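Subject: Structure for you to look through

Dear colleague,

Please find below the sequence and structure that I promised to hand over, and take a moment to look through them before reading on.

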Amino acid sequence: MKEIELKIALDKTQERRLRASRDVKALSEGSARTQSLWSVYYDTDDHALRNEGIALRLRREGRSWVQTLKISNGAMVNGLSQPDEIEYPVESQQIDLTRIPNHDLREHVMGLARGGLQPVAETRFRRTSRVLKLPACGASVEFAIDKGTLASGGTQADFIEAELELIDGAPSSLYQLARKILPKGPVRFAVLSKSQRALALSDPEVAPASLRKARPVDLSKLRSVEQAAIAVFSEGVAHAAPNIALLLDSDDINGPHQTRVALRRLRSAMSAFRTALGRGALEPMAQKAQILGGEAGRIRDLDVLADEIVAHEAELHPGEPGFQRLADAIHARRDVVREDVRKSLLASDLCGFALDMAGFVASRAWVNGADHGQTERLAQPLMPYARKVLDKRWKSVAAWGARIDELTIDERHEMRKDVKKLRYLVDAFKSLLEPERVAGFNRHVKLLQKAFGALNDSAMAEMLLLAPDAPGRDDAEAQRAAGRIIGRLLAESDRLWPGAIKDWRSLADFGPCWR
């Protein structure tokens, strides 16, 4: 049996609101059922089953024991997992591999377990479940709230999770339902199964990275443009979702930074695929990403100004109090802006962007039955399309480069944005390209972006520090410090610009890495 499940981590406030949700009750078929579940997971000393993507568990249900084999079909993507599951009753709390009904699978698992099996993790939780029906699409879903503990290696941790398992209908309906019933707030897709999270308590190899950055997408085995778009968009959502939650939950500077990066990458990808998928279908999601990225940017700019630019200047001039007073004023402004951004996002639909985008991808919402040429565009070969998209972006950059000696400050900023978009697209398609050429190309681009970074810092600092309501506006010492910072940044960007011209010409000589 193949399970199709969407797992979303909850905090206590979301759990309480979800249990009291009128939407859940309105969609319910029958009453809720509550049961206590105890699962024990087994593996060999050298993790032979885990290494093959197999989870073997015994679960106590009432007075009975059920043995379950789950076989992963790839990593959990945006909370969605689709493992193959085989379960069958056993006589007692004792693993019995002979009960596996499929002969070849039974022989394979018995071979892996030849060194002996032992308990490696366990979960104990109460599950409240009910069947929900979505009238709009006819889907039936088992909806459960699981609350309990995970344990492994003598360490345990509490967890709360919503699980939506598809009974009937399309997988995209899981996101549709989650969007309808989940309380407003950050969406935290589960990235590991319960057993993996339990194992992560004692095994750092299983634990996910504490910070989610962009990850490469392997497009080399994909054939069509649509397949590539789905893969790139899915990675974009996986990059954005935890960082949006981080932005809303904490003061960690990585939240706003990685949220803005993720959304810029997503918008760049949507721009790249809009010819094939359709501009009209992608535009609403691109606009949401732009607005959300702009909100994250309000915090991020103040983070950079306070923690990088002003802090650096204060270190260079330790005896001058104006820099610290300016830093204090910026910190105070950042606290106000951060709270304002959070309230704004939580009051809008934007905090549910990750669910919207994941559902958009899962449902292939761009498909338009009235567009008779779309099928051909979606199925067109990937590599020629990628080259065409990259050529178009390169042409935009090269047009600025042809006039680089005479660009105004505003035009330099436009060139900077086009260079960044080009780099994002090269990253998206690099699995299709020759690695050494990509590495060489990116080296040149990074050198060019360094000069552009100084230009951007100068413009951002000038905008924030010279605004009518600028931080420290009423403090003469802070204002003197602000003036010195703006002057230094302007001088730095002027000093680096001749190098940027040289770096552009080196990049132009190197040429496109996709040709």
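Histidine 47 has a relative accessible area of 28%, so this residue counts as partly exposed. You will find histidine 47 in the loop between strand S2 (28-43) and helix H3 (48-51), and, although histidine 47 is not a glycine, its phi is positive, at about 60°. Please keep in mind throughout that this is a predicted model.

A positive phi also belongs to arginine 364, a residue other than glycine, where the value is near 50°. Arginine 364 lies in the loop between helix H11 (353-362) and helix H12 (374-379), and its relative accessible area of 36% makes it partly exposed.

The next point concerns a pair of helices. The axes of helix H8 (residues 254-277) and helix H13 (residues 382-401) come within 10 Å and cross at roughly 125°, which means that H8 is oblique to H13. The crossing of these two helices, H8 and H13, is right-handed. On the H8 side the contact is made by Ser271, Ala272, Phe273, Arg274, Thr275 and Ala276, which meet Tyr385, Val389 and Arg393 of H13; sorted by class, the contact of H8 with H13 has 5 nonpolar, 2 polar and 2 charged residues.

Finally, a word on the cysteines. With a disulfide taken as a pair of cysteine sulfur atoms within 2.5 Å, the count comes to 0 disulfides. Cysteine 137 is partly exposed, with a relative accessible area of 38%, whereas cysteine 351, at 4% relative accessibility, is buried.

Definitions and conventions:
Residues numbered from 1 in each chain as written. Predicted model: local features only at pLDDT ≥ 70, side-chain atom pairs only at ≥ 80, totals over all residues. Heavy atoms only, no water. Buried < 20%, exposed > 50% of the residue type's maximum accessible area, 1.4 Å probe, protein only. Axes fitted to C-alpha atoms, helices over the stretch in contact; angles between N-to-C directions. Helix = DSSP H or I, 4+ residues; strand = E, 2+ residues; numbered from the N terminus. Parallel < 35°, antiparallel > 145°, perpendicular 65-115°, else oblique. Left-handed = near helix turned anticlockwise from the far one by under 90°. Contact = heavy atoms within 4.5 Å. Nonpolar A, V, L, I, M, F, W, Y, C, P; charged D, E, K, R; others polar.
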